[in-house]
Amino acid sequence: MNRKSQSTRGFVVLWCSLLMSLWACNATTSSDTRKVLETQNGMATYYSKWFQGKETANGEEFDNRDPTAAHRTYPLGTVVRVTNVDEGGKSVVVRINDRGPYGENWEEGTIIDLSQAAAKQLGMMKDGQVNVKVEVLEWGDNERVDEPK
């Protein structure tokens, strides 16, 4: 192989590596460009395996493999983008199908509970609780619920 073809090959390998890196970044972030209707900031946690198969507030069977979430007041069916503000802006789009968080998590500032599929996309499986920005992209059909006492 001559010097010119080695140089060209090196350039192609470098270029492909760059493209693969950019693709990987896009695979872990949301590129949804819908208008943001409302924003909240707080903490996110995720459901334990124990909830698998249990009934959610909207009557669905909970599946940790689906990108879903629980929120205390947003109408069921609302679509939100959740962004991990501590992890380089990784984000995921989820649908609200359950109510929560409650108890200690709520008292500690948790505003949304995510399925494990969504938590994995945000890179929060190890930490368990992360700072997030929640942006409403589409309101659900149900009524907004008053904040539980």
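A search of the whole predicted structure finds five salt bridges; the term stands for a side-chain nitrogen of Lys or Arg within 4 Å of a carboxyl oxygen of Asp or Glu. Side chains of opposite charge can pair when their charged atoms come close. Residues are numbered from 1 along each chain as its sequence is written, and side-chain values use heavy atoms, with hydrogens and water left out. Because this is a predicted model, local features need pLDDT of at least 70 and side-chain atom pairs count only at pLDDT 80 or more, while totals for chains, interfaces and linings use all residues.

| Salt bridge | N to O distance |
|---|---|
| Arg34 and Glu138 | 2.8 Å |
| Glu60 and Arg95 | 3.0 Å |
| Glu135 and Lys133 | 3.7 Å |

Helices (H or I, at least four residues) and strands (E, at least two) are DSSP runs, numbered from the N terminus. Arg34 has a relative accessible area of 33%, so it is partly exposed, and Glu138 is partly exposed as well, at 37%. On this scale buried means under 20% relative accessible area, exposed means over 50%, and partly exposed lies in between (1.4 Å probe, protein chains only).

Next comes Glu60, which forms its salt bridge with Arg95. This pair also links distant parts of the chain, with Glu60 in the loop between β1 and β2 and Arg95 in strand β4 (residues 91-98), 35 residues apart. Glu60 counts as partly exposed at 29% relative accessibility, and so does Arg95 at 30%.

Now for the rings. How many aromatic pairs does a search of the whole structure find? There are two, where rings of Phe, Tyr and Trp (its six-membered ring) pair if their centres lie within 6.5 Å; planes under 30 degrees apart count as stacked, over 60 as edge-to-face and the rest as tilted. The ring centres of Tyr47 and Phe62 are 4.2 Å apart and their planes stand at 35°, so this pair is tilted. Tyr47 and Phe62 each lie in the loop between β1 (38-46) and β2 (68-70), so the pair ties together parts that are 15 residues apart in sequence. Both Tyr47 and Phe62 are buried.

The other pair, Tyr74 and Trp139, is edge-to-face, with 5.5 Å from centre to centre and 85° between the planes. Tyr74 sits in the loop between β2 and β3 (79-84) and Trp139 in the segment after β6 (130-138), so to speak a link between distant parts of the chain, 65 residues apart. Is Tyr74 buried or exposed? Tyr74 is buried, with a relative accessible area of 0%, while Trp139 counts as partly exposed at 33%.

A charged side chain also meets a ring here. Arg72 lies over the face of Trp106, at 3.8 Å from the ring centre; a charge sits over a ring if NZ of Lys or CZ of Arg is within 6 Å of the ring centre and within 35 degrees of the ring normal.

Asn84 is found in strand β3 and counts as buried at 1% relative accessibility. The side chain of Asn84 reaches the backbone nitrogen of Asp86 at 3.0 Å, and one of its polar atoms lies 2.9 Å from the backbone oxygen of Leu122. A polar contact is a pair of N or O atoms within 3.5 Å; within protein, one must be able to donate a hydrogen and the other to accept it, and residues adjacent in sequence count only if both atoms are side-chain atoms. Asn84 and Asn131 are 47 residues apart in sequence, yet their C-alpha atoms are 6.0 Å apart in space.

Asn64, in the loop between β1 and β2, is buried too, at 7% relative accessibility. Its side chain reaches the backbone nitrogen of Gln116 at 2.8 Å.
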